[in-house]
Amino acid sequence: MGEQRLIGKWRSDADDPEGIGEFGEVSLEFSPNGGLTYTIHVDEKRQIILLTYRVEGDVLITDQPSHPKEERTKFKITADGKLVLLHENRPSAYVRVDGSIRL
């Protein structure tokens, strides 16, 4: 059930300057088949990292097939619909991009 709530596209929350300062401008696109496209937006360029993901409770487990190593990140979706990832005790917030899937 947690995976379904993630499906769609998310972008760094402009109201989270700490997260943007720490992680940069990022977009995440979760597909229903367990694929995750992690895009870092720098100036006019994009760095794209293709990952796989699954959810166990409140933990997002990602892996990069080209460099296998699972990463575990706690997450929650807040009452106002933001996705908050807690990686190494540093939170970053994301907002759903208009037009993406909502379940």
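## Basis of the description

The structure is a predicted model, in which local features need pLDDT of at least 70 and side-chain atom pairs count only at pLDDT 80 or more, while totals for chains, interfaces and linings use all residues. Residues are numbered from 1 along each chain as its sequence is written, and side-chain values use heavy atoms, with hydrogens and water left out.

## Overall fold

The protein has two helices and eight strands, where helices (H or I, at least four residues) and strands (E, at least two) are DSSP runs numbered from the N terminus. Along the sequence these elements follow the pattern α-β-α-β-β-β-β-β-β-β.

Of the 103 residues in the protein, 34% are buried; here buried means under 20% relative accessible area, exposed means over 50%, and partly exposed lies in between, with a 1.4 Å probe and protein chains only. The protein exposes about 6600 Å², and carbon and sulfur atoms supply 50% of that area, as computed by the Shrake-Rupley method with a 1.4 Å probe, where for residues only the protein chains shown count as cover. Among contacts (heavy atoms within 4.5 Å) between residues at least 6 apart in sequence, 34% join residues at least 24 apart.

Strand β2 (residues 25-30) pairs with strand β3 (residues 35-42) in the antiparallel sense over six bridges, two strands being counted as paired if DSSP finds at least two bridges between them. Within this pairing, E25 stands opposite H41 in β3. The two strands form a hairpin with four residues between them, and G34 in the turn has a positive phi of about 90°.

Strand β3 also pairs with strand β4 (residues 45-56), again in the antiparallel sense, over eight bridges, and the bridge partner of L36 in β4 is L51. This second hairpin has two residues between its strands, with D43 in the turn showing a positive phi of about 50°.

## Salt bridges

The count comes to nine salt bridges, each defined as a side-chain nitrogen of Lys or Arg within 4 Å of a carboxyl oxygen of Asp or Glu. In one of them E25 is joined to R11, with the closest N and O atoms 2.9 Å apart; the pair links distant parts of the chain, E25 lying in strand β2 and R11 in strand β1 (residues 8-12), 14 residues apart. Both partners are partly exposed, E25 with a relative accessible area of 24% and R11 at 31%.

E56 forms a salt bridge with R72, the closest N and O atoms being 3.7 Å apart, and this pair links strand β4, which holds E56, to strand β6 (residues 71-77), which holds R72, across 16 residues of sequence. R54, E56, E70 and R72 are linked in a network of salt bridges. The side chains of D58 and K74 also meet in a salt bridge (3.1 Å, N to O); D58 lies in the loop between β4 and β5 and K74 in strand β6, so the pair ties together parts that are 16 residues apart in sequence. D58 is partly exposed at 36% relative accessibility, and K74 is partly exposed at 44%.

## The largest pocket and T62

The largest pocket holds about 430 Å³ of space. Of the 18 residues that line the largest pocket, the closest to its centre are Y38, L51, T62, E71 and H87. The elements that give two or more residues to the lining are β3, β4, β5, β6, β7 (83-87) and β8 (90-96), and the largest share, three residues, comes from β5. On a 1 Å grid over the protein atoms alone, a pocket is an open set of points where a 1.4 Å probe fits, with protein on both sides within 12 Å along at least five of seven lines, and lining residues have an atom within 4 Å of a point. Grid points are joined across faces, edges and corners, and the volume is the space filled by probe spheres set on the points.

T62 lies in strand β5 (residues 59-63) and is buried, with a relative accessible area of 13%. Leaving aside neighbours within four places in sequence, T62 is in contact with L36, L51, T52, Y53, K69, E70 and E71.

V95 has its place in strand β8 and is partly exposed, with a relative accessible area of 28%. V95 and S12 are 83 residues apart in sequence and 6.4 Å apart in space, C-alpha to C-alpha. Not counting residues up to four places away in sequence, V95 touches K9, W10, R11, S12, D13 and K82.
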